[in-house]
Amino acid sequence: MQGQAAATFDLVPRIVRAEEWEWIEGIVESVDGSELVILTKAGDPVDVALGQSAYWQAQGVVLEPGEQVRVQGFREEPQVLTAASLTILSAGQTIVLRDPD
């Protein structure tokens with residue numbers, strides 16, 4: 001494989017420190033597969049990575065633009081919040097997407 005760089009992957013799970021967790025609340029602006037955009041009360045759009053849509057859809061979660069939600073997560077990239085849990089406030093429905101440990 002001369003002239004080609006070998007791909008490397010970090011297979012060690014990242015440990016998220018307590019101070020890295022954050023909560024956001026707002027209105028779902030758009031849903032695209034496993035990602036959504038939430039418009040916060042301050043009017044700021046936040047990109048949220050939910051993980052595999054088949055998982056949360058199998059749990060009965062239906063996300064539509066206009067839903068008011070609260071998300072707990074952390075940032076692996078500055079512009080994207082990786083969701084650990086999601087609550088649809090109008091339905092009182094919460095789903096855990098990632099183990100906080």
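Q: How many residues lie between E2 and E3 in their hairpin, and which glycine in the turn has a positive phi?
A: This is a predicted model. Four residues lie between E2 and E3. Glycine 43 sits in that turn, with a positive phi of about 90°.

Q: What does E2 share with E1?
A: Another antiparallel pairing. Six bridges link E1 to E2 (residues 35-40). Valine 31 has leucine 36 of E2 as its bridge partner. Leucine 36 is also the partner of valine 48 in E3.

Q: Which residue has a positive phi in the hairpin of E1 and E2?
A: Glycine 33, at a phi near 65°. Two residues separate the strands in this hairpin.

Q: Which way do E1 and E4 run, and how many bridges join them?
A: Strand E1 (residues 22-32) and E4 run antiparallel, joined by six bridges. Glycine 26 has valine 69 in E4 as its bridge partner.

Q: Where does E4 go from there, and through how many residues does the hairpin pass?
A: A two-residue hairpin connects E4 to E5. E4 and E5 (residues 80-88) form an antiparallel pair over eight bridges. In this pair, arginine 75 stands opposite leucine 81 of E5.

Q: How do side chains sit along a regular strand?
A: They alternate between the two faces of the sheet. Keep that in mind while tracing a strand.

Q: Where is glutamate 77 found?
A: In strand E4, which covers residues 68-77.

Q: Why is glutamate 77 called partly exposed, rather than buried or exposed?
A: Compare its relative accessible area with the cut-offs. Buried means under 20%, exposed means over 50%, and partly exposed lies in between. Glutamate 77 has 44%, so it is partly exposed.

Q: Where is glutamate 64 found, and what is its relative accessible area?
A: Glutamate 64 is in the loop between helix H1 (53-58) and E4. Its relative accessible area is 43%, so this residue is partly exposed too.

Q: How many residues apart in sequence are glutamate 64 and valine 31, and what is the distance in space?
A: Sequence separation and spatial distance are read separately. The two are 33 residues apart in sequence. In space, C-alpha to C-alpha, glutamate 64 and valine 31 are 6.9 Å apart.

Definitions and conventions:
Residues are numbered from 1 along each chain as its sequence is written. This is a predicted model: local features need pLDDT of at least 70, side-chain atom pairs count only at pLDDT 80 or more; totals for chains, interfaces and linings use all residues. Side-chain values use heavy atoms; hydrogens and water are left out. Buried means under 20% relative accessible area, exposed over 50%, partly exposed in between (1.4 Å probe, protein chains only). Two strands pair if DSSP finds at least two bridges between them.
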